Amino acid sequence: MPNDEHFMRLALREAHKARAKGEIPIGCVIVQDDKVLARGHNLKESRHDATCHAEIVALRKAYSKLQNWRLSGCTLYVTLEPCPMCLSAIIQSRISKVVFGAADRIMGACGSKTDLTRTHEANPTIEISGGILAPDCKAMIDSFWQHKRKSSF
């Protein structure tokens, strides 16, 4: 049976796809019954759409595949702690569990910056687990920003 690290590695693959497109390298997979239901990575720049975070892209694919917006019993894996927009969409989708890699001290909504999991009554039973492969997830994002800073001078 696959574990959290296995699925986070798949999310990291998605993050690599984002980086190859010049996007912030964040990746996401949604799992149902130990099988990948949907994958996504950041597409904000290429789609010119501020809502195209990895989580939202993956959620939209999962809705389409299941023909249902309710994703009860699913686990969402993402390389960076969800922001308030993404966490709200995740909660509204009835996702059962969120597993994230690196904490986001700027926009994180699962406890690093703010904690929307405690104030959202739509899905009060959502389980949150952070820090899975955090060094790998953080290194990918940090190296992206270091490269961006160097190339902008």
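**Exercise 1. Find which residues of α3 are buried, and what covers them.**

*Solution.* Start with the term: buried means under 20% relative accessible area, with a 1.4 Å probe and protein chains only. By that rule, the buried residues of α3 are A54, E55, I56, V57, A58, L59 and A62. Next, look at what lies over them: the cover includes β1, β2, β3 and α4, where contact means heavy atoms within 4.5 Å. Helices (H or I, at least four residues) and strands (E, at least two) are DSSP runs, numbered from the N terminus.

A word on the model: it is predicted, so local features need pLDDT of at least 70 and side-chain atom pairs pLDDT 80 or more, while totals for chains, interfaces and linings use all residues. Residues are numbered from 1 along each chain as its sequence is written, and side-chain values use heavy atoms, leaving out hydrogens and water.

**Exercise 2. Compare the span of α3 with the expected one.**

*Solution.* Count first: α3 has 13 residues. The expected span is 1.5 Å times one less than the number of residues. From first C-alpha to last, α3 reaches 18 Å, close to the 18 Å expected. After the helix comes Q67, with a positive phi near 55°.

**Exercise 3. Describe how β1 and β2 pair.**

*Solution.* Strands pair if DSSP finds at least two bridges between them. Here β1 (residues 27–32) and β2 (residues 35–41) are antiparallel, with six bridges.

How values were computed
Buried < 20%, exposed > 50% of the residue type's maximum accessible area, 1.4 Å probe, protein only.
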